[in-house]
Amino acid sequence: MVNLLRLPGARFLSHLAIVFVIWAALMRINDGIDPLMSYYLALAAMYATAMFGMVILVGLSGQVSLGNGALMAIGGYVFALTSLNWQTVPILGWQWNPIWSMIFAGFGGIAVGLLIGWIGARLRGPYLAGLTLGIAVGIPAIATRFPEIFGGETGLMLTVPYPAGGYAPAAETVTIDEAPLAEVPLEQAPLDEVPLEQAPLEQAPLDTETAGAGDMLTADNFPSAESSPAAGDMLTADNFPSAESSPSALALPSESALPNDIDPTAAGDALLAGSAFVLERWQASLAVTAACIIGFFALNLVRGRQGRIWRAVRDDEVAAAVSGISPAGSKISAFVVSSFFAAIAGAVFAQILSYVGPGAFGLGLSLSLLVGVVLGGRASLGGAIIGGVLLVALPQLVFNIAGDRGWPANVTDNAPNLVYGLLVVLVVLIAPGGILGSLKDGTRRLLAKSRSAK
Amino acid sequence: MTTFIDYLLGGLGSGAIIALMALALVLIWRSTRVVNFAQVGQAMFTTFIALSIQTWTGSWYVALIGALAAGAVLGVIVQYLVLRPVKRSDTSGAIIATFGVLIALQAAAGMIWPGGSQAFPQPFNNSGIEFAGRVWPISIYDFVVIGITALLVLGLTLLFTKTSLGLSMRAAAFNPEVARLSGVRVSRVLTFGWALAGSVGAVAGVLVAPVSTISPNSFDILLVFAFVAAVIGGLDSLIGAISIGVFTGLVISLVSGYSDSGNAPVVALLLLALNLILKPEGIFSHHKARSV
């Protein structure tokens, strides 16, 4: 086993397998849950995407940044502007596709990350935090300053071009022609119909995967019957949670809102003739796929040579420099990688909200990313995933408790932030490794105890 | 030219306030090597307390003194409960913890004082003074702000240069180990520094509130300006914080006057970036900000 892992490419393949299993599991879960949960899943995956970059920047490279919300704004605005203004890709002349906007958003993030990294990466802790704080405040201000380009305070509305076939859970196909479950619906619903929107993204893991862990993708991994009636019902726009501004309203159970059986006319309303399109589910599949691809990049970086370089510079710059590492280069690269991730997350966020605006990418978002990654665990990528779930779940939990107790609105609205603030302080003081770090420590201690008991 | 001078005069008051907030940041940085990003949170909180005192007693002076005291107490609380227990090796941790305090304070203020932005009563006439046949863009209130700032700076200078407490503070900031060996009770001195900074920040908050409004987030932008001023001033120089603070206020006034106040944060960011590229250790300091 040990030898197998040492084969060239073995680690790459094992990462591919891990990410693929997570992706497949999440996509399957996405088909089984109700649309509101899918929406939360989309948000959590989007946060996790951005926080993979925070783990690299804050945890591995030791640079506290508050600017990643603004870097998400770069990605979001690039996505919005290119998708609103382009019919074809400039110079190349190819038919425009949202995927191009995603790619350009990523490039935008890289460019801005280089600039900030160049200014900031040679600075020590508080200077950098202050600089990035200025960026978090300044970049949304730029967006308000040029309303004719960026839409000013109101932002830009996006008509996200949904995939032509829609994100159709298998149910629809089943009801129409009763095709054998094994053939059409299983593989094709989640894999082939979504990719109209995000084909290259999807295929990256899939193609290479067939060589490695392709067997994981057996037919029965994919949804069939369970995604039927309940899944098809929430297609209309009125169910679509527009922004996270009113989470307490979102928390209301929405299953009872619509009839529980497939209604062909309702399906027709949902932009797409005849197919059971569930917007939230499509958003979640987009966000999860983006998160998995970014997570795969991050995993290879963190566990590879570059990860060791980042950690070496964080722990002792002089020693790292003596070993032939450029500390400045290492810090700048962490900035570039994290802003690339943030920009992709921003592009996903823009598609989830169907909107970009300075309010959505303000200082609050930057602080949320820092809070999430600190609470989840800033030292490893798992912490980013925990952080993403926390950022979505914790407010809901607090709102639910507050709702049960009948607290007034001003208390309820501020309760999540109070909890965040106190938790951040507590985590820094008591468990600097965050939730994940504490879990790891705990299991290590238990193992050590059981070993010494023997 | 007259408009230029008008804009400069109009920026003096806000410059003094930025200078005070920058001063609070510098006071803490000098002694504990922590940039207290929660400073504006503390100032916002004490300003709300001052507002409550003001509506209760009707006296602005009582409110100001109340804010001073509350600022000192809050500073000590934050240092005792949060910053002191952070491991000294965990520099990121200290920064993150101050942001945790900021988030918690803002949320707590939103709970205690609901209703969003609130107006702080004008203690003095805030309309332009009429003099020599025209109205100048500077008010009685601006003079009060500048006067209080000058008094505080004078008091701090005397404290640091003429008193033994000030000497111990400088010693503890310069080299805690040696100071401890020479009989300075370093931790007590540090706590005093936090109380002092808390009070200075609280004064800045009470002074800025009448000319803006007060809400849990309304001082965020002040944090950015104050940080820019403190860093350009060298982060451990009191004179640097004061002079660059006033300078930042003037620049912001010019930018707002000639273009639009919305450009101010962008210009502040550009100033900071320029400073960090050209002279990252700041104008009034000799210590190193860059490590490589």
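What follows is a chat about a predicted model with chains A and B.

Visitor: Let's start with chain A. How many helices and strands does chain A have?

Guide: Chain A has 21 helices and two strands. And remember that the model is predicted.

Visitor: What share of chain A's residues count as buried?

Guide: Chain A has 454 residues, and 55% of them count as buried.

Visitor: And what about contacts in chain A: what percentage join residues at least 24 apart?

Guide: If you take the contacts between residues at least 6 apart in sequence, 81% join residues at least 24 apart.

Visitor: Okay, on to the inside. How many residues are in the largest nonpolar core?

Guide: The largest nonpolar core has 204 residues. The ones with the most contacts inside it are A:Met72, A:Leu370, B:Phe37, B:Phe99 and B:Leu207.

Visitor: Which helix gives the most to this core?

Guide: That would be helix H3 of chain A, residues 35-60, which gives 19 residues to the core.

Visitor: You mentioned B:Leu207. Which residues is B:Leu207 in contact with, leaving aside neighbours within four places in sequence?

Guide: B:Leu207 is in contact with B:Ile17, B:Leu20 and B:Trp60, and also with B:Tyr141, B:Val145 and B:Ile148.

Visitor: Now the place where the chains meet. How many residues of each chain are in contact?

Guide: On the chain B side there are 49 residues, in contact with 46 residues of chain A.

Visitor: How much area do chain B and chain A bury between them?

Guide: About 4000 Å², with 77% of it on carbon and sulfur atoms.

Visitor: How many salt bridges are there between chain B and chain A?

Guide: Zero salt bridges are counted between chain B and chain A. As for polar contacts, two residue pairs are found across the interface, both at pLDDT 80 or more.

Visitor: Which elements of chain B give two or more residues to the side that touches chain A?

Guide: They are helices of chain B: H3 (60-83), H4 (91-112), H9 (220-232) and H11 (264-278). The largest share of that side comes from H4(B), with 14 residues.

Visitor: And by class, how many residues on that side are nonpolar, polar or charged?

Guide: The side of chain B that touches chain A has 34 nonpolar, nine polar and six charged residues.

Visitor: Where do A:Lys331 and A:Glu317 sit?

Guide: A:Lys331 is in helix H17 of chain A (residues 327-353), while A:Glu317 is in helix H16 of chain A (residues 317-322). They are 14 residues apart, and the pair links distant parts of the chain.

Visitor: Are A:Lys331 and A:Glu317 buried or exposed?

Guide: A:Lys331 is buried, and A:Glu317 is buried as well.

Visitor: What about A:Asp441 and A:Arg444, how do their side chains meet?

Guide: Their side chains meet in a salt bridge, at 3.5 Å from N to O. Both residues lie in helix H21 of chain A (residues 434-453), three residues apart, which is about one turn of the helix.

Visitor: One more: which residue does A:Arg314 form a salt bridge with?

Guide: A:Arg314 pairs with A:Asp315, the closest N and O atoms being 3.1 Å apart. A:Arg314 is partly exposed, with a relative accessible area of 34%, whereas A:Asp315 counts as exposed at 57%.

Note on methods:
Residues numbered from 1 in each chain as written. Chains lettered and ligands numbered in written order. Predicted model: local features only at pLDDT ≥ 70, side-chain atom pairs only at ≥ 80, totals over all residues. Heavy atoms only, no water. Core = buried A, V, L, I, M, F, W, Y, C linked by side-chain atoms within 4.5 Å. Buried < 20%, exposed > 50% of the residue type's maximum accessible area, 1.4 Å probe, protein only. Helix = DSSP H or I, 4+ residues; strand = E, 2+ residues; numbered from the N terminus. Contact = heavy atoms within 4.5 Å. Buried area = accessible area lost by both parts, 1.4 Å probe. Salt bridge = Lys/Arg side-chain N within 4 Å of Asp/Glu carboxyl O. Polar contact = N/O pair within 3.5 Å; in protein donor to acceptor, adjacent residues only side chain to side chain. Nonpolar A, V, L, I, M, F, W, Y, C, P; charged D, E, K, R; others polar.
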